[in-house]
Amino acid sequence: MTEPLLDGLPPVIDDRARVLILGSFPSVRSLAEGRYYANPRNAFWPIVAELFEFDCTATYSERIAALQSHNVALWDVVRSCRRAGSADAAIDPKTLVINDFDWLFGSYPRVTRVYFNGAAAARLFERMVRRPATVTCQRLPSTSPAHAIAPAVKLAAWARLTDAGS
């Protein structure tokens with residue numbers, strides 16, 4: 001693969017975090033803008049905004065602050081890789097580097113629940129990360145527009161977050 005090596009985004013986390021939402025790796029648009037879930041067709045922001053009652057059209061920093069006020073952090077499983085386009089299936093497994101979860105769980109011990117935004121994130125994490133025994137994990141349906149299930153189904157599944165952060 002001749003694609004350039006791509007570096008992911010830093011975690012969005014603070015000391016209040018109890019819940020970590022993990023994607024697989026940022027989309028091309030998210031990397032270009034330096035923001036999680038920058039594609040307006042991705043359902044992530046509308047879903048979490050409805051669950052936590054904030055405006056999904058607010059500025060990125062206001063949306064991040066709203067998530068953090070509910071003890072929610074964001075990151076991705078993959079730190080760097082080569083990938084053509086934005087599809088998880090296009091990630092070159094030979095170039096894949098996983099984020100430092102020993103550091104994250106050691107630095108933020110209150111994080112005890114991990115929710116995966118889709119199957120790829122769950123599969124990569126479970127295969128490549130050693131998690132502390134105190135951390136529970138659960139896969140949620142992907143918010144990607146490529147994951148075609150009804151918005152109400154996605155919202156109902158993601159509603160688990162509202163109890164997790166307290």
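Reader: How do the residues lining the largest pocket divide into nonpolar, polar and charged?
Author: This is a predicted model, where local features need pLDDT of at least 70, side-chain atom pairs count only at pLDDT 80 or more, and totals for chains, interfaces and linings use all residues. A pocket here is an open set of 1 Å grid points where a 1.4 Å probe fits, with protein on both sides within 12 Å along at least five of seven lines, and lining residues have an atom within 4 Å of a point. Ala, Val, Leu, Ile, Met, Phe, Trp, Tyr, Cys and Pro count as nonpolar, Asp, Glu, Lys and Arg as charged, and the others, Gly among them, as polar. The lining of the largest pocket divides into 12 nonpolar, 13 polar and 3 charged.

Reader: Which helix gives the largest share of that lining?
Author: Helices are DSSP runs (H or I, at least four residues), numbered from the N terminus. Residues are numbered from 1 along each chain as its sequence is written, and side-chain values use heavy atoms, leaving out hydrogens and water. With 4 residues in the lining, the largest share comes from residues 119-128, helix 5.

Reader: Which residues line the second largest pocket?
Author: By class, its lining has 6 nonpolar, no polar and 3 charged residues. The names are Asp 88, Ala 89, Ile 91, Pro 93, Leu 96, Ala 120, Arg 123, Leu 124 and Arg 127.

Reader: At what angle do helix 2 and helix 6 pack?
Author: Take helix 2 as residues 44-52 and helix 6 as residues 151-158, with axes (lines fitted to C-alpha atoms over the stretch in contact) 10 Å apart.

Reader: Which residues of helix 6 meet helix 2?
Author: On the helix 2 side, Phe 44, Ile 47, Val 48, Glu 50 and Leu 51 make the contact (heavy atoms within 4.5 Å). The residues of this contact divide into 6 nonpolar, no polar and 2 charged. From helix 6 come Lys 154, Leu 155 and Trp 158.

Reader: And which residues of helix 3 meet helix 2?
Author: The axes of helix 2 and helix 3 (residues 60-69) come within 11 Å and cross at roughly 50 degrees, which makes this pair oblique. By class, the contact has 7 nonpolar, no polar and 1 charged residues. Phe 44, Trp 45, Val 48 and Phe 52 in helix 2 meet, in helix 3, Tyr 60, Arg 63, Ile 64 and Leu 67.

How values were computed:
Axes fitted to C-alpha atoms, helices over the stretch in contact; angles between N-to-C directions. Helix = DSSP H or I, 4+ residues; strand = E, 2+ residues; numbered from the N terminus. Parallel < 35°, antiparallel > 145°, perpendicular 65-115°, else oblique.
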